Amino acid sequence: VTAKPEHINGLTNQGLNFLSMRDYENAFLVFDKAVEFFPDSVDFYHNMGMALQGLGMEEDALAAYHDVISLDPLSPRSYYLYAITAGQQGKQEEAEVYLRNALRIQPRYVDALFNLGVCLMKQERMEEAYAYFLRVHYVNHLHPGLAQYMQMLR
């Protein structure tokens, strides 16, 4: 990827296009170059994490999401993305901590509520999971997957 710092909008658009086409290798190359020019850009680290995750490089994706948390510790999305990646690696306890951090910042973050319920189910903490699914229902009763998980816990 050849670019200059003044190409920030082009880098963003090009990288997002690659992500949307699931061309994770080229998306990573674009966002890696973007981070080089803009090391304080939370969005570029988020997107680089998604590209790394798409490439199956979960540990590197976690590192990118951790960089985002370091840059913007008040971003619930940063904690959420870290948690989802950790959960996919089977690190449920770690995922739980990061989901709870996201919810401390934004208590009605419906996807964090839902995934905390899933995380708790995977830890066989069914009553707690059900309580989180009830909160999801309260915030967005049409959330995808909610009915399926609620049914599983009844």
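Accessible areas come from the Shrake-Rupley method with a 1.4 Å probe, and for residues only the protein chains shown count as cover. On that basis, the protein chain has an accessible surface of about 8400 Å², and carbon and sulfur atoms hold 51% of this surface. This is a predicted model, in which local features need pLDDT of at least 70, side-chain atom pairs count only at pLDDT 80 or more, and totals for chains, interfaces and linings use all residues. Residues are numbered from 1 along each chain as its sequence is written, and side-chain values use heavy atoms, with hydrogens and water left out.

**Overall fold**
- The protein chain has 9 helices and 0 strands, where helices (H or I, at least four residues) and strands (E, at least two) are DSSP runs numbered from the N terminus.
- The C-alpha trace spans about 55 × 30 × 25 Å along its principal axes.

- Of the 154 residues in the protein chain, 43% are buried (under 20% relative accessible area, 1.4 Å probe, protein chains only).

**Individual residues**
- Leaving aside neighbours within four places in sequence, Y82 is in contact (heavy atoms within 4.5 Å) with L62, Y65, H66, I69, E94 and Y98.
- Q92 lies in helix α6 (residues 92-105) and is buried, with a relative accessible area of 11%.
- Not counting residues up to four places away in sequence, Q92 touches G87, C119, K122 and Q123.

Notes
Buried means under 20% relative accessible area, exposed over 50%, partly exposed in between (1.4 Å probe, protein chains only).
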